[in-house]
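Q: I would like to go through this model with you, pockets and backbone included. Could you take my questions one at a time?

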Amino acid sequence: MELGLYTFADVDPNAIDKGAEGRRRLANLLEEIELADQVGLDVFGLGEHHRPDYAASAPAVILAAAASRTAKIRLSSAVTVLSSDDPVRVFQQYSTLDLLSNGRAEIMAGRGSFIESFPLFGQSLDDYDQLFSEKLDLLLAIRETEKVTWSGELRPPINDRGVYPRPLQDPLPLWIAVGGTPQSVARAGALGLPMALAIIGGEPRRFAPLFDLYREAARRAGQDVAKLKTSINVHGFIADTTEKAADQFYGPQAEVMNRIGRERGWGPTNRAHFDQARSPTGNLFLGDPETVAEKIVAHQKLFRNDRFLLQMAIGPMPHDQIMRGIELYGTRVAPLVRKALAEEGERSQPASA
């Protein structure tokens, strides 16, 4: 199983000098990606947002900068809001990233959990579902062949035009990100595309039926289920002790969830909610390395996921705490998880005759 991180490059939305705040966060972010590569993590994802509290409106640009400072880690969007973007430009940007990174780029495409990009780029929310469906169809066509002929209802057609540059990886990896909508899960399975499921609330085990739906939709569509890949993307934090992890992460995580909650009509969170969420059955993967490793392994048995992405850099988390969390993730958590899964794999092998 691949182990990695993702973030939205959180900044202080109330900063007076927004340029200086953005510069600070992106400089720290590049250090975080570089460290993740050095400690042996597999993937780093960066989510596209168009809000004052996030600095990553152009993830491909930031990931290209990270490509020059890393050697092995895969560099992915998490997510690309495909509905409000143009698939030609998305492909060109990530194909370029793929060349710069020597074949380490990925696209994680989704409809987006925020809607700011739709009016920003002149898209109607009335077309929310159709925009994603059409643009995903076009992105798949571009990925499939150098010269593209395509037509839809919401974007001008393309008639036998080449899209360049072509990526080093053929095909360029494309994941579908979902937030729990069964129709989105079934679509990913039917298309035979890898699926990343965000779990940021509730008990993770309640999401297990979605993985069954994904695999069943793939089987019914004639896809090779054995080749499908899945990921769970979650919130959490790692520190030297579980108490330190909880005390350091609670404030920043609560600030972000309450800010978004006020926009969406959610009730406020509190420490009791937080402590329940970090229990063995809760949605937060938080604690000392042993605690987090045990929870990752337990949920891999439940979901049979091929990838696990953790969002630690959330809200006003101090950079030094994030760096320590990344260090512990790569040097302590990852070896424990890999060892446990390897031993589980050996036990599941049939005995030789």
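Q: How many nonpolar, polar and charged residues are in the lining of the largest pocket?
A: This is a predicted model. In it, the lining of the largest pocket comprises 24 nonpolar, 14 polar and six charged residues.

Q: What space lies in that largest pocket, and which residues are closest to its centre?
A: The largest pocket holds about 880 Å³ of space. It is lined by 44 residues, and those closest to its centre are Gly112, Ser113, Gly179, Ala198 and Ile200.

Q: Which helices and strands each supply at least two residues of that lining?
A: The strands are β5 (105-110), β8 (174-178), β9 (195-199) and β10 (230-238). The helices are α5 (128-144), α6 (182-191) and α8 (242-264).

Q: And the second largest pocket, what space lies there?
A: About 390 Å³. Its lining has 20 residues, with Gly201, Thr269, His273, Ala277 and Asn283 closest to the centre.

Q: What is the lining of the second largest pocket by class?
A: There are seven nonpolar residues, 12 polar ones and one charged residue.

Q: Where does the largest share of that lining come from?
A: Helix α9 gives the largest share, four residues. Both α8 and α9 (271-277) supply at least two residues each.

Q: Changing topic: which residues touch the most other members in the largest nonpolar core?
A: That core has 101 residues, and the ones touching the most other members are Leu5, Leu41, Phe308, Leu310, Ile326 and Tyr329. Helix α11 (residues 319-348) contributes the most to this core, eight residues.

Q: Take Phe308. What does it touch, not counting residues up to four places away in sequence?
A: Phe308 touches Met1, Glu2, Leu3 and Gly4, together with Ser231, Ile232 and Val234. Phe285, Ile296 and Tyr329 complete the set.

Q: What about Gln311, buried or exposed?
A: Gln311 counts as buried because its relative accessible area is 2%, under the 20% cut-off. Its place is in strand β12 (residues 307-311).

Q: Which side chain makes a polar contact with the side chain of Gln311?
A: The partner is the side chain of His235, at 2.9 Å. Beyond neighbours within four places in sequence, Gln311 is in contact with Tyr6, Thr7, Phe8, Val234, His235, Gly236 and Phe249.

Q: Now the backbone. Which peptide bonds are cis?
A: Val79 lies in the loop between β3 (74-77) and β4 (80-81). Another cis bond joins Asp170 and Pro171, where omega is about 5 degrees. The loop holding Pro171 runs between β7 (158-162) and β8.

Q: Which residues other than glycine have a positive phi?
A: Asp160 is one of them, with phi near 55 degrees. Arg304 is another, with phi of about 60 degrees.

Q: Why remark on these?
A: Most residues other than glycine have a negative phi, and most peptide bonds are trans.

Q: Where do Asp160 and Arg304 lie?
A: Asp160 lies in strand β7, whereas Arg304 lies in the loop between α10 (289-303) and β12.

Technical notes:
Residues numbered from 1 in each chain as written. Predicted model: local features only at pLDDT ≥ 70, side-chain atom pairs only at ≥ 80, totals over all residues. Heavy atoms only, no water. 1 Å grid on protein atoms, 1.4 Å probe; cavity = no way out; pocket = protein on both sides within 12 Å on 5 of 7 lines; lining within 4 Å. Points joined across faces, edges and corners; volume = space filled by probe spheres on them. Nonpolar A, V, L, I, M, F, W, Y, C, P; charged D, E, K, R; others polar. Core = buried A, V, L, I, M, F, W, Y, C linked by side-chain atoms within 4.5 Å. Buried < 20%, exposed > 50% of the residue type's maximum accessible area, 1.4 Å probe, protein only. Contact = heavy atoms within 4.5 Å. Polar contact = N/O pair within 3.5 Å; in protein donor to acceptor, adjacent residues only side chain to side chain.
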